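These are my notes from going through one model, entry by entry. I wrote down what I looked up and what came back.

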Amino acid sequence: MTLPHDALWPRAGAWPTIDEGEWDAALLGVPAFRTSLSPTGAHATPAAIREALRRYSPALLGPPPVDLNERLRIADVGDVDEPDGPVGEASVRAAVAALRRRADLVIALGGDNSLTYAVTQGAGATGLVTIDAHFDLRDGVSNGSPVRRLIEDGLDPRRIVQLGIADFANSVAYARRAADLGITVVTMDDLRRRGAADVVAEALEIAGAGDGPVHLDIDVDVCDRAVAPGCPASVPGGLAAWELRALVRAIAADARVHSADIAEVDATADAPDGRTVRLAALCVLELLAGKAVLA
């Protein structure tokens with residue numbers, strides 16, 4: 001990708017790999033894909049997101065306008081090699097835990113949704129907010145099971161909030177499982193009826209009880225298939241891109257949110273214009289924008 005150079009128009013991305021001291025935010029690639037229920041090339045996505053970031057500026061227009069590169073210390077520490085399976089998940093947990101000792105916010109670039117399990121644990125999160133069309137409460141080990149696995153390992157389901165759960169994308173059995181566990185579920189219809197501000201306030205109050213820390217799972221397949229064709233499970237009628245971006249920024253602006261993952265984008269199956277990967281890259285910037293409010 002060859003992009004024009006303009007000294008007065010800096011680009012996002014290309015953050016340093018190694019740096020001294022502490023960071024406001026750190027990016028970590030977690031290219032999980034081997035246990036996906038659908039064939040996926042999600043392991044190609046972290047690199048694609050990094051490339052897409054260069055298409056954007058780090059500017060918030062305000063007023064006053066703010067350059068995220070000047071407001072925040074941001075690092076990109078590369079990828080976890082082979083993050084799938086028990087050994088890979090242990091590597092993810094260790095990498096995220098090490099980053100949390102240096103960074104206020106760890107952003108994991110997936111990869112399929114299985115990464116949410118190890119990233120949440122590595123971050124030491126005691127609350128979880130998912131923006132996802134699906135419950136992820138399936139049996140077994142897959143991209144459909146991270147929430148169930150977290151609960152079985154001790155995460156209190158009463159501190160889990162799931163935003164955007166969609167009709168015709170889940171089963172009655174898993175809906176009943178979520179209810180029996182005490183998970184707070186905000187369906188797609190409820191999210192639109194209530195509005196982002198109300199839903200985010202409730203989600204953070206529940207997940208962040210006792211001052212967190214909270215992990216945010218951003219499953220891009222919550223979006224309408226027209227804007228997220230690179231998500232194997234996205235369906236017509238999902239969230240608009242602006243709705244997802246608004247939710248991400250609002251949640252990231254809470255001081256209890258210290259980790260996030262971006263999941264379920266298959267860069268190899270995207271539209272020719274790369275719209276799904278570009279949306280994932282914008283979610284990275286929205287996370288940073290939320291943190292810039294607190295800086």
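Is Arg275 buried, partly exposed or exposed? I looked up the relative accessibility of Arg275, and at 36% it counts as partly exposed. I note here that the model is predicted.

**Entry: salt bridges**

I next looked for the partner of Arg275 and found a salt bridge with Asp273, the closest N and O atoms being 3.1 Å apart. Asp273 counts as partly exposed as well, at 38% relative accessibility. The structure holds 16 salt bridges, and I followed up some of them.

Arg177 forms a salt bridge with Asp139, and their closest N and O atoms are 3.0 Å apart. I placed Arg177 in helix H6 (residues 172-181) and Asp139 in the loop between strand S6 (127-131) and helix H5 (146-152), so this pair ties together parts that are 38 residues apart in sequence. Arg177 is partly exposed at a relative accessible area of 26%, whereas Asp139 is exposed at 52%.

For Arg192 I found a salt bridge with Glu243, the closest N and O atoms being 3.6 Å apart. Arg192 lies in helix H7 (residues 188-194) and Glu243 in helix H9, so I have the pair down as linking distant parts of the chain, 51 residues apart. Glu243 is buried because its relative accessible area of 17% falls under the 20% cut-off. Arg192, at 39% relative accessibility, counts as partly exposed.

I also noted a network of salt bridges that links Arg50, Asp76 and Asp79.

**Entry: helix packing**

I describe two packed helices by the angle between their axes and the distance between the axes. Helix H1 (residues 45-53) packs with helix H10 (residues 275-294) at an angle of about 75 degrees, and the axes are 8 Å apart. That makes H1 roughly perpendicular to H10. From H1, the contact is made by Ala48, Ile49, Ala52 and Leu53; from H10, by Val277, Arg278, Ala280, Ala281, Val284 and Leu285. Sorted by class, the residues of this contact are 9 nonpolar, no polar and 1 charged.

I then checked H10 against helix H9 (residues 241-252), where the angle is about 30 degrees and the axes are 7 Å apart. H9 passes H10 in a right-handed crossing. On the H9 side I listed Ala241, Leu244, Arg245, Val248, Arg249 and Ala252. On the H10 side the contact residues include Leu279, Leu282, Cys283, Glu286 and Lys291. The class count for the contact of H9 with H10 is 10 nonpolar, 1 polar and 4 charged.

**Entry: helix H4**

How many of the residues of H4 are buried? I found 7 of its 8 residues buried, and helix H4 (residues 115-122) is thus mostly covered. Among the buried residues are Leu115, Tyr117, Val119 and Gly122. Just after H4, I saw that Gly124 takes a positive phi of about 70 degrees.

**Entry: backbone**

I looked up cis peptide bonds. One joins Pro63 and Pro64, with omega about -5 degrees, and Pro64 is in the loop between strand S2 (59-60) and strand S3 (66-67). Another joins Gly110 and Gly111, with omega about 15 degrees; Gly111 lies in the loop between strand S5 (103-110) and H4.

Two entries under positive phi are not glycines. Ala14 has a phi of about 55 degrees and lies in the segment before strand S1 (23-30). At 65% relative accessibility, Ala14 counts as exposed. Glu82 has a positive phi of about 50 degrees, and I located Glu82 in the loop between strand S4 (74-79) and helix H3 (85-100).

Methods
Residues numbered from 1 in each chain as written. Predicted model: local features only at pLDDT ≥ 70, side-chain atom pairs only at ≥ 80, totals over all residues. Heavy atoms only, no water. Buried < 20%, exposed > 50% of the residue type's maximum accessible area, 1.4 Å probe, protein only. Helix = DSSP H or I, 4+ residues; strand = E, 2+ residues; numbered from the N terminus. Axes fitted to C-alpha atoms, helices over the stretch in contact; angles between N-to-C directions. Parallel < 35°, antiparallel > 145°, perpendicular 65-115°, else oblique. Contact = heavy atoms within 4.5 Å. Nonpolar A, V, L, I, M, F, W, Y, C, P; charged D, E, K, R; others polar. Left-handed = near helix turned anticlockwise from the far one by under 90°. Salt bridge = Lys/Arg side-chain N within 4 Å of Asp/Glu carboxyl O.
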